[in-house]
Amino acid sequence: MDRKDIIRVVMEKEYQISPEAVELICSSNSPEALLRYVLSTVNDSVIVIGTEHIDLEGFAAFSAGESISDKVHVFRTEKKKIFSSASILSSRSDNPSSKPNSLLVPDSLSEPTLSLKPDIVTAAPDPIIKSSKDSVLDSVPDSVSVQDMLQDIAYEPALDTPNTLDTPNTLDTPNTLDTPNTLDTPNTLDTPNTLDTKSSVTSSDQTSASYLASDSLSSVKAEPLTFLSRSSQVINRSNSPFFGQENSLPFSSSNRIFRAEQPSSSSERGIFSSSRDEYKHYPGKNPVTVVSDITGHSTCVGEYMQFVQYFRDRYSRLSEIIRGRINARPIESLKRRNFRRGGDAGSEEISIIGMVSDISSTTNGHKILSLEDPTGSFSVLIRNSDKELFELASGILLDEVIGVAGSITNDGSLMLATKLIQPDVPNNIQRRTGSHGKAVLISDVHVGSSKFLEDAWLDFLDFLKGESDSDDMREIAASVRYLVVAGDIVDGIGIYPDQEMELDILDVYEQYKKAAEYFREIPEHIRVIISPGNHDAVRQAEPQPALPENIQAYFPENIVFVGNPAFLELDGVRLLIYHGRSIDDLVASVPGVSYQEPSGAVLEMLKRRHLAPTYGSRVSISPEKKDYFIIDPVPDIIHTGHVHTLGVQRYKNVLLVNSGTWQDQTEFQKRVNLVPVPARVPIVDLENFDVKILAFD
């Protein structure tokens, strides 16, 4: 076994490994056996395997006859002591490929604090149904007669529906969502298929998975969480509604759990909502206020109630935005109405607000949306004869919160939609003015990659230092106050297949040290803000905390490290930073959205007032008590990256900027036909939000 084989095996297990550890294993008399032993016994919170994680004495004892299970048992016993207060959420499935999942957060470990301490810290104020049988809806005419539509067939699905997900203990409710697992990206949060109400919690020694993160020097992750790899993951659309069942314990837990408590109060609305938030203010000539950021505030341990709280918070805050535009009633009230055939139910317009739990189509091409609120679920029919409404409905995503207005069928089982309302940005949103200077927006630097465009990057640094040949460039540089980096500072290790073949720096710590050297060349009068991305050394589940303190220590003191996403104020200008991984979901799900025009994807986020609408797709989402992805209040600028293409767009006085990259096209990008736009730098005038694009190639 040579060095490349060792690195490849480690990457397949979703670890990274230092060059010293590779040499130590390679020099062993039995490198293959030693590698197996290391992978079986290494602390699960470790991401980068170093020489300190290779127990040669233990391996010698194991080779002499000691059972490796004894070694693993000792390790897990010690781990249980560290994670003594953690809760574990396990899945039970008859599918042999389904692995249990656990989410552990130790009391003894916490996210790293910012190395650049804020001068002032003040507390922020609190601010379905199953698709109908085609025989029921295939004959829906453009002018719908209830009698003709339903043909005396009740629009209520049979209970006892077959379980297509091979989960033995599911609820027989009319919300069956069969979503195939077409995703192949690693490290996505896998919520359990079912919960056994008799024993929904198992001990940690019954669970086997990779833990992402610790705050030790041996790891570069910031929070301990467990995620199943995509190879073993199945995304479930549970039979249980978002909000659970009234006065009952949850039987299943997935992307679709919701109601166990009443929605949060209206005072907890918006990005300023949680009393746990703290404004971090960094004063000076170029002040920064961190308004909302997960760093230091993560509460996720993977318990059922956290999924409930997460979806409840999302529904409560987004529905409140919509409620200011329509007079909606609870879904439960629709089912209590005494509808009679021949009554006035079909002529009365009724409005509801719900979270989309299912999307299906009839053979005649009509679309059915299943909506849920804290009181129940209801089905909404969008007829294909209503072209404008049907086109809008074609872009609706699972889990987004929408309002619907329409009439109810005579038997009270179906709404015929006449209007769909998304949270969207109000037309009268005002642009903030009064600031001055310029902000430079970049992302996806990818230091450490052999495709990193170092010459172009050095030209960019010369520009920031005012050393350009052009007078115009020097004049622009003199007015730069902020440099904002939206993730992927380094290329990382083990992010995509065969990545090690395209790395100049094989150690992730060395990648950050090299990046820090570059950032030390930036003039001190420029305030630098760095947010992480999916290539960075933080947990893969979003929202992501800021880079760990041991990595922050490499960088100069004029840098503010924030999480992903993060809502900031730059001398009064509201800026929302998000790396942009959910763009992958929007490109795959929303017609007309493409990688070539990434700002179009950000526009779709803004219409939904949510950065990652669909839960459990390509983006791993940690179920925090607060949904950090909700766009409220409306920012002046949304800055994203991730897809390596450049896009700038304005929408209702909001500037949308997707910055490009500093990395040339990789082999992986060639295979997926992604053509990057490198070395292009958007520069925003903070006074009037005009944008200039500078080229450094």
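**Reading contacts, cores and salt bridges**

Modeller: Contact here means heavy atoms within 4.5 Å. Keep in mind that this is a predicted model, where local features need pLDDT of at least 70, side-chain atom pairs count only at pLDDT 80 or more, and totals for chains, interfaces and linings use all residues. Residues are numbered from 1 along each chain as its sequence is written, and side-chain values use heavy atoms, with hydrogens and water left out.

Colleague: Which residues have the most contacts inside the largest nonpolar core?

Modeller: The general idea is that in soluble globular proteins, nonpolar side chains tend to be buried together. A nonpolar core is a set of buried Ala, Val, Leu, Ile, Met, Phe, Trp, Tyr and Cys residues joined through side-chain atoms within 4.5 Å. Buried means under 20% relative accessible area, exposed over 50%, and partly exposed in between (1.4 Å probe, protein chains only). In this model the largest core has 48 residues, and Phe460, Phe463, Leu483, Phe519 and Trp662 have the most contacts inside it.

Colleague: Which element gives the largest share of this core?

Modeller: Helix 13 does, with 7 residues. Apart from this core lies another, of 44 residues, including Val590 and Leu603. Helices (H or I, at least four residues) and strands (E, at least two) are DSSP runs, numbered from the N terminus.

Colleague: At what angle do helix 11 and helix 13 pack?

Modeller: For this, axes are lines fitted to C-alpha atoms, for helices over the stretch in contact, and angles run from 0 to 180 degrees between N-to-C directions. Helix 11 (residues 454-464) packs against helix 13 (residues 508-519) at about 35 degrees, and their axes are 11 Å apart. Glu454, Trp457, Leu458 and Leu461 in helix 11 meet Lys514, Tyr518 and Phe519 in helix 13.

Colleague: And the open sheet: what is its strand order?

Modeller: Two strands pair if DSSP finds at least two bridges between them. The open sheet here has 6 strands in the order 16-15-14-13-22-23, with mixed pairing. Its edge strands, strand 16 (559-561) and strand 23 (691-695), each pair on one side only. Strand 15 (residues 527-531) runs parallel to strand 16, with 3 bridges in the pairing. Across that pair, isoleucine 530 stands opposite phenylalanine 561.

Colleague: Now the charges. How many salt bridges are there in the whole structure?

Modeller: Side chains of opposite charge can pair when their charged atoms come close. A salt bridge is a side-chain nitrogen of Lys or Arg within 4 Å of a carboxyl oxygen of Asp or Glu. A search of the whole structure finds 21 of them. One joins arginine 574 to glutamate 569, with the closest N and O atoms 3.8 Å apart; both residues are buried.

Colleague: Which residues are linked in a network of salt bridges?

Modeller: Glu400, Glu604, Lys607 and Arg608 are. Lysine 607 meets glutamate 604 at 4.0 Å, N to O. They sit 3 residues apart in helix 16 (residues 598-608), so about one helical turn separates them. Glutamate 604 also bridges to arginine 608, at 2.6 Å, N to O; these two are 4 residues apart in helix 16, about one turn of the helix.

Colleague: Are lysine 607, glutamate 604 and arginine 608 buried or partly exposed?

Modeller: Lysine 607 has 24% relative accessibility, so this residue counts as partly exposed. Glutamate 604, at 14%, counts as buried, and arginine 608 is buried at 3%.
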